[in-house]
Amino acid sequence: MSVPTNGAPAVSTPEPVADPVAHGEAAQREPRWKRLPVIWQLRRSVGLQRGMLIAGLVLCAMFILMAVFAPLIAPYGFNQLSDAEGNFPRQGAPSAQFWWGTTVGGYDVFSRVVWGAQTAVLTVLLAVLASIFLGIGLGLISGYLGGWLDRILVTIADAIYAFPSLLLAIVVSIVISGGESGFLSGILAAALSITVVFVPQYFRVVRAETVRLKSEPFVESARVLGASTPRILSRHVLRNATRSLPLIITLNASEAILTLAGLGFLGFGINPTAAAEWGYDLNRAISDVAGGIWWTGVFPGAAIVLLVLGITLVGESLNDLSDPRLRMRRRPARLPRKTATAMKGAA
Amino acid sequence: MTIAERTAPIAAAGKSSGGGGLGRYILVRFLLIIPTVFILVTLVFFLMRVVGDPISASVGGRLTPDQLAARLAEAGYDRPVLVQYFEYIGQIFTGDFGRTLTDNREISEILVTYGTGTLELVFYALVVALVVGIPLGRFAAYHRDQIPDAALRIFAILCYATPVFFAALLLKLVFSVWLGWFPLGGRASTDTQLVLDRISGSSGINIIDALRTGRWDLISDVLSHAVLPAVALGLLTAGVFLRLVRTNLIGTLSMDYVDAARSRGVREGRLLRKHAYKPALIPIITVMGMQIALMLGGAILTETAFGWRGLGFQLAQYLGARDFVAVQGIVALLAVIVALTNFAVDVIAALIDPRVRY
């Protein structure tokens, strides 16, 4: 925990921004791009940790590409039931025409998995952005101002935090869509329900950092110089309070996918005609299993697992790399391990 | 990281008791339940009222406007929201969670009928999680930074990344359909359930009832139905336990007393098994409390996937029927249960580990 005390803290922190959207544009500037989160960590990782990070990034990139190019990749629409040759078969086995078979409703499984990536990625983006803004905003204000507002917000955040998130998501999705969802309202419902669950997490982390930072000399000197509260918060506190955010963002993102799928599985997600959603497909597939029909469930399920796995791998590696006790180093790290095994052999 | 965060509020609650004795800690911790439940119930109530009244949502399309207005007036939904709110809070304090719209049953009765099923499932799942998680965590710590450790780490991530209903689907496919080892779903076969329900003073917990009859066919039937749901839900938590045990064990291995033992010539394996193991298990109790919330959420999905007639299964049925009064009631009830469980776990943790109290 090295705390910058020079009054211009942002310069000395290795992670200047925690906003994942900004990365793409900033990557063009040569001296700066190497210090961006993820890239910075990738460059200094070694061995197994590097492997995990790369595997995670590849998985995520694969799904993002799938989402962006869904119209080109998918052979059929997500709600297409027939083509020029007539109606699609129901529960048709994988074949040359339908690579992964067709569902009980007569949809092409492969196409729905591909289109499902679009739904998942959009939901994650919305949920993460909304949680970040609300959570960070409330955390900064609550931590900096303190007093009764702080107490109330902390109590509410703790209460929400201890509650099963899926239940909360169900309630919120009832509020937003009444349980009947089109494409946008369904994504919005899922994203906002996840936001409600995740705001307390950002809130707690940012608040704790803010409470710590507000008594730091550089914040006090800014206050003495007459800087306004919004300026102190945005300039001096916020930029230093975002250190642990990349990990929470990845947790948030994977939780978002799982919640979306959970809602869909309970029949509370997006209508199959409005968008492809993996959880809904699994809901329909669970009764297929009794007849030995595996392709309707295995593929959308595997898509969920792989995407969450990818995001989690990225998050875990980032966490390891930011912690000097866990980070593997190029040379010295090898030595103690060898001596440790040598000692074990001797014992 | 998550685990450390999840235990944080408990530590904070402990501090606020100001260092009194155990009795004081329990009292303060008990009083903290009230705002938690109150906030959640209030939140859920107002969220549900934002959409409008539950009657229009449930049967609105099928009634004429006059009939609808009559039904609304009858149920009291035409009054100001605040009046309804205070009435609702008053009812909850007397243990009355309302009645379902679709089949007009008391919510508290649903808890008694189906709660036992959920309790049974969560118990089995906890057993699976502990049996899988703790030894594997120990194994990973023993082989720290070696291939088994890395493989178990991936396993733990997969446990988290696999939604319980997908795990359920895979388990059913492999072990029920392809191998035929276990039944596809339900809590027991129809015949068994009939026998168990007829027992005088039936507890509703199938395995207890089956054990009381002492008939092996009943016991094995109940257990074979429980295996797949328990594994599906248990693996979700097993990953958490695995990582927790691993991290704690590695942590306690660097403690001074372990160093002292090592300098006396105690072997690494024995250090791990005898010296570092038990202190590393204490945090599991605390985390178990936080896992209850996760498990209840998972239970809803597991029960739906296996047709396991518990609270979650019933909740999904009411969701499907758009009976939001029932949903609100069950959610409020679960809020109380979660708060009480967390309280119980905190007290147990305080009894075992004196540091928590201060």
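Predicted model: local features only at pLDDT ≥ 70, side-chain atom pairs only at ≥ 80, totals over all residues.
Within chain A, helix H7 (residues 109-145) has the highest confidence, at a mean of 86, while helix H1 (residues 9-12) has the lowest, at 37. Residues 1-29 of chain A have pLDDT below 50, and beyond near neighbours in sequence this stretch makes 34 contacts in the model.

Now for chain B and its overall make-up. You'll find 16 helices and zero strands in it. Of its 358 residues, 42% are buried. If you take the contacts in chain B between residues at least 6 apart in sequence, 73% of them join residues at least 24 apart.

With helices in view, it's worth looking at how some of them pack. Two packed helices are described by the angle between their axes and the distance between the axes. In chain B, look at helix H7 (residues 107-142) and helix H14 (residues 268-306): their axes are 9 Å apart and the angle is about 140 degrees. Roughly antiparallel would take an angle over 145 degrees, so H7(B) comes out as oblique to H14(B). The crossing of H7(B) past H14(B) is right-handed. On the H7(B) side, the residues that meet H14(B) are B:Thr118, B:Leu121, B:Val122, B:Ala125, B:Arg138, B:Ala141 and B:Tyr142. Facing them from H14(B) are B:Leu272, B:Tyr277, B:Met295, B:Ala299, B:Thr302 and B:Glu303. Sorted by class, this contact has nine nonpolar, two polar and two charged residues.

While you're on H7 of chain B, find B:Leu126, which is in this helix. Is B:Leu126 buried or exposed? The cut-off for buried is 20 or more other C-beta atoms within 10 Å, and B:Leu126 has 20, so it counts as buried. For a sense of distance, B:Leu126 and B:Ile39 are 87 residues apart in sequence, and their C-alpha atoms are 28 Å apart in space.

Another pair in chain B is helix H11 (residues 206-213) with helix H12 (residues 216-253). Their axes are 8 Å apart and meet at an angle of about 165 degrees. Because that angle is over 145 degrees, H11(B) is roughly antiparallel to H12(B). H11(B) passes H12(B) in a left-handed crossing. From H11(B), the contact uses B:Asn206, B:Ile207, B:Ala210, B:Leu211 and B:Thr213, and from H12(B) it uses B:Leu218, B:Ile219 and B:Val222. Six of the residues in this contact are nonpolar and two are polar, with no charged ones.

Back in chain A, H7 turns up again, this time with H8. The axes of H7(A) and H8(A) are 7 Å apart, at an angle of about 135 degrees. These two helices are therefore oblique to each other. The crossing of H7(A) past H8(A) is left-handed. A:Leu138, A:Ser142 and A:Leu145 of H7(A) make the contact with A:Gly147, A:Leu149, A:Asp150 and A:Leu153 of H8(A). That gives four nonpolar residues, two polar and one charged.

A:Val206 lies 34 residues from A:Asn240 in sequence, with the two C-alpha atoms 9.6 Å apart in space.

Finally, how do the two chains meet? How many residues does each chain put into the contact? Chain A gives 46 residues and chain B gives 48. On the chain A side, helices H8 (147-161), H9 (165-177), H13 (245-265), H14 (278-285), H15 (295-322) and H16 (334-346) each supply at least two residues. H15(A) has the largest share of that side, with nine residues. By class, the side of chain A that touches chain B has 32 nonpolar, 11 polar and three charged residues.

Key. Residues numbered from 1 in each chain as written. Chains lettered and ligands numbered in written order. Contact = placed C-beta atoms within 7 Å. Helix = DSSP H or I, 4+ residues; strand = E, 2+ residues; numbered from the N terminus. Nonpolar A, V, L, I, M, F, W, Y, C, P; charged D, E, K, R; others polar. pLDDT = per-residue confidence, 0-100. Axes fitted to C-alpha atoms, helices over the stretch in contact; angles between N-to-C directions. Parallel < 35°, antiparallel > 145°, perpendicular 65-115°, else oblique. Left-handed = near helix turned anticlockwise from the far one by under 90°. Buried ≥ 20, exposed ≤ 12 C-beta atoms within 10 Å, placed from the backbone.
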